[in-house]
Amino acid sequence: MILKYAFLAFVFWLLYKLVFDFIVPVYQSTKHVRRQMGDIQEHLRRQYQQQEQAQRQAAQAQQQQQQRAAAPKADKGDYLDFEEIK
């Protein structure tokens, strides 16, 4: 009878050690690592969006410069340049 209770106490002690010395720390570590990975992914996503926005703005500025450079000059009417003949 005492041997039975001692065996049960030993089994419960082993289960306690397993749960609180192995399973709980592994769970907490996994949770912590997942949170860090989420933070890193969020940071990289924001950085990517900022880079995309900067590239779009640069492309728009370049396109506007090209449009200004390619815009036809205002027509001055029927004015013709001439050279004086002497």
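**Entry 1**

I looked up Asp-21, which at 47% relative accessibility counts as partly exposed. The class covers what lies between buried (under 20% relative accessible area) and exposed (over 50%), with a 1.4 Å probe and protein chains only. I note that this is a predicted model, in which local features need pLDDT of at least 70 and side-chain atom pairs count only at pLDDT 80 or more, whereas totals for chains, interfaces and linings use all residues. Residues are numbered from 1 along each chain as its sequence is written, and side-chain values use heavy atoms, with hydrogens and water left out.

Which residue forms a salt bridge with Asp-21? I found Lys-17, with the closest N and O atoms 2.9 Å apart. A salt bridge here is a side-chain nitrogen of Lys or Arg within 4 Å of a carboxyl oxygen of Asp or Glu. Side chains of opposite charge can pair when their charged atoms come close. Lys-17 and Asp-21 are four residues apart in helix H1, so about one helical turn separates them. Lys-17 is also partly exposed, at 34% relative accessibility.

**Entry 2: Glu-42 and its partners**

Arg-45 forms one with Glu-42, the closest N and O atoms being 2.3 Å apart. These residues are three apart in H1, so they are separated by about one helical turn. Arg-45 is partly exposed at 37% relative accessibility, and Glu-42 is partly exposed at 27%.

Arg-46 forms a salt bridge with Glu-42 as well, and here the closest N and O atoms are 3.5 Å apart. Through shared partners, the salt bridges join Glu-42, Arg-45 and Arg-46 into one network. Arg-46 and Glu-42 are four residues apart in H1, again about one helical turn. For Arg-46, I recorded 46% relative accessibility, which means partly exposed.

**Entry 3: Aromatic rings**

How many aromatic pairs does a search of the whole structure find? I recorded two. Tyr-16 and Phe-20 form a tilted pair, 4.8 Å centre to centre with 45° between the planes. Rings of Phe, Tyr and Trp (its six-membered ring) pair if their centres lie within 6.5 Å; planes under 30 degrees apart count as stacked, over 60 as edge-to-face and the rest as tilted. Tyr-16 and Phe-20 are four residues apart in helix H1 (residues 2-70), so they are separated by about one helical turn. Phe-20 is partly exposed, at 46% relative accessibility.

**Entry 4: The helix and the chain**

I listed one helix and zero strands in the chain; helices (H or I, at least four residues) and strands (E, at least two) are DSSP runs, numbered from the N terminus. H1 has 69 residues and reaches 99 Å from its first C-alpha to its last, close to the 102 Å expected at 1.5 Å a residue. The expected span is 1.5 Å times one less than the number of residues.

Where is the kink in H1 centred? I located it on Val-19, with a value of about 30°. The bend at a residue is the angle between axes fitted to the seven residues ending there and the seven starting there.

Finally, I noted that buried residues make up 0% of the 86 residues in the chain.
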